[in-house]
Every structure is written in structure tokens, then in C-alpha cells.
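Student: Please pick a single part of this model and take me through it closely, starting from one residue and following what surrounds it. I would like the cut-offs behind each term as you go.

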Amino acid sequence: MKFISSLIAALSITAAGSLYADDNMVSIMINKQTYQFDRPIRLSSALSIVADNGDWYWPSASAFDLSNPKAEREKEIALSEIRTLLAQFDKDSKTHEALENLYEQVASWTVSTRIDMPISYNRARLFFEDNPMFQPGKYWIRLNGRPNVVHFSGAVVKPGAYKHQSDTSVYTAVHTVKKAVDADRSHVYVIDPMGNIEEKGIAYWNLDFAQIMPGSQVYVPISSELFSDKLKQLNKRVAALAVHRVLPQ
């Protein structure tokens with residue numbers, strides 16, 4: 001919670017300062033340091049400022065558009081859908097309990113609109129398509145060392161970060177975390193550090209032994225109803241929202 005509070009304060013300071021900035025300025029916060037440019041700048045040029053300042057794990061690097069409210073809107077939509085579904089289930093049911101748990105999780109998430117692009121200094125220097133231009137606006141590039149955890153959310157008893165074990169399959173990782181009674185026992189959503197979402201099998205008939213990357217998220221869905229896809233659609237929405245999560249480091 002201390003990290004999240006510090007992050008919110010940092011973003012607020014950046015946003016407040018930008019009120020007086022020229023509309024043509026490019027403001028890029030790299031981790032906690034903000035840099036101002038008076039013209040559009042390419043990714044490689046921005047990363048060159050800090051490329052040698054740390055042992056960065058580029059697969060988990062990410063960029064956010066601080067001027068784009070999409071992520072916050074998607075979070076509110078997800079919370080609204082959960083509230084609607086809560087009213088449709090008996091308060092003593094396991095599904096209602098799972099939805100309440102999910103609501104608390106999503107409400108606590110800090111989200112920011114993630115830009116769909118790889119962040120890699122070497123790739124940005126070598127490949128034109130991986131070296132986009134930052135246009136006027138406010139951005140945040142987040143770099144860190146190699147993560148040693150996997151983040152679990154959804155229908156789990158204790159959501160949060162769990163230690164990543166090398167050579168661990170999705171199946172093994174999922175079955176080391178205690179799931180809620182109403183958890184889906186067949187599939188989970190894996191969101192890798194680059195923001196890609198994949199549905200993975202965890203039942204005996206569809207086992208997926210693919211290894212899970214450090215820094216990934218695993219969203220355990222709430223079990224869907226037989227004659228309704230409302231919970232299934234909610235699960236997809238929350239998994240998509242997870243791409244925009246600002247994860248603890």
C-alpha cells in the first residue's frame with residue numbers, strides 16, 4: 001500500500017505540474033524522474049537517458065499514456081458490472097462471495113492506460129517498428145530488474161504476489177495457490193509482462209505445461225453459469241483490465 005500511495009502522489013504531482021506546461025511538450029516520467037522535451041521524441045532517445053543506469057529486465061518494461069483515461073473508465077465499467085451481478089445472486093451463495101471478493105480486488109487496483117508496444121532499448125535502436133515516436137502528451141515508462149514473483153488475482157483465497165519458481169508450468173503454479181470454492185477449475189487467464197493475454201487449461205483434460213514468465217499475472221476466473229455467459233464476459237473484462245494494472249515492484 002505504501003508503494004501505491006507513493007505512485008499516486010507521483011502521478012498527481014506530474015499531472016499538476018503539466019497544467020502549466022506547453023501543449024506541445026512531451027513529458028516522459030521514467031520510473032520516478034520526469035523529463036521534458038519540446039518536440040516529439042523516439043523511444044530509443046528516451047531510453048538512452050537511463051539505459052545504463054540499471055540492470056533492466058526489458059520483457060517487464062512498460063509504457064503508459066497518462067493523458068488517456070481509458071484504463072480508469074474500464075475499471076469503472078468492470079466495477080459496475082460486478083455490482084449488477086451481485087444483485088442477481090443470493091447473498092449466501094458462493095458466487096456472491098466470489099463476486100464480493102473480486103470487487104474488493106478490482107477497486108484496490110491502481111490502473112493507467114498501457115501503450116501496446118514493446119519497451120526494449122536494443123530493439124528500439126535496431127528496428128524502426130519498435131522505435132515509435134512519443135507525440136506531445138504525458139507518458140510514464142516503467143523499468144525494473146528481473147521480477148521474482150507471479151501475481152494472482154480473481155477467485156483465489158489470498159490474492160497477491162507469490163514467489164516465482166524457475167521451470168514452473170502454468171499448471172504447477174496455479175495448483176500451488178488455494179482457489180475459492182467458486183473458482184473455474186478448467187481455465188485461467190495468464191497476462192505476461194508484455195501485456196499479452198492467454199487462456200490456459202488447468203484441468204486434467206486440457207493441461208497446459210507452458211512455463212510462466214516471472215512478473216506475469218494469473219487471473220483465476222469465477223466459474224461461469226451453465227445457461228448464461230454474464231460471468232464469462234465479466235472474467236474476460238477483468239483479465240483485459242489487468243493489462244493496465246500498475247503492479248507493486
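Tutor: Setting aside neighbours within four places in sequence, Lys163 is in contact with Asn148 and Val149, where contact means heavy atoms within 4.5 Å. This is a predicted model, in which local features need pLDDT of at least 70 and side-chain atom pairs count only at pLDDT 80 or more, while totals for chains, interfaces and linings use all residues. Residues are numbered from 1 along each chain as its sequence is written, and side-chain values use heavy atoms, with hydrogens and water left out.

Lys163 belongs to strand S8, which covers residues 160-163; strands (E, at least two residues) and helices (H or I, at least four) are DSSP runs numbered from the N terminus. Lys163 counts as exposed because its relative accessibility is 61%, the scale being under 20% for buried, over 50% for exposed and partly exposed in between, with a 1.4 Å probe and protein chains only. Although Asn148 is 15 residues away from Lys163 along the chain, their C-alpha atoms are separated by 6.0 Å.

The next element to follow is strand S7, residues 149-154, which runs parallel to strand S11 and is joined to it by four bridges; two strands pair if DSSP finds at least two bridges between them. Within this pairing, Gly154 has Val220 of S11 as its bridge partner. S11 also pairs with S9, here in the antiparallel sense and over three bridges, and Val190 has Val218 of S11 as its bridge partner. The side chains of S11 divide between two directions, Gln217 and Tyr219 pointing one way and Val218 and Val220 the other, yet all of these residues are buried.

The buried residues of H7 are Leu231, Leu234, Asn235, Val238, Ala239, Leu241 and Ala242. Seen down the helix axis, the buried residues of H7 fall within an arc of 160 degrees, so they line one face of the helix; the arc is that of the directions from the axis to the C-beta atoms. In general, an α-helix has 3.6 residues a turn, so residues three or four places apart point the same way. As for length, the 13 residues of H7 (230-242) should span 18 Å, which agrees with the 19 Å between its end C-alpha atoms, the expected span being 1.5 Å times one less than the number of residues.
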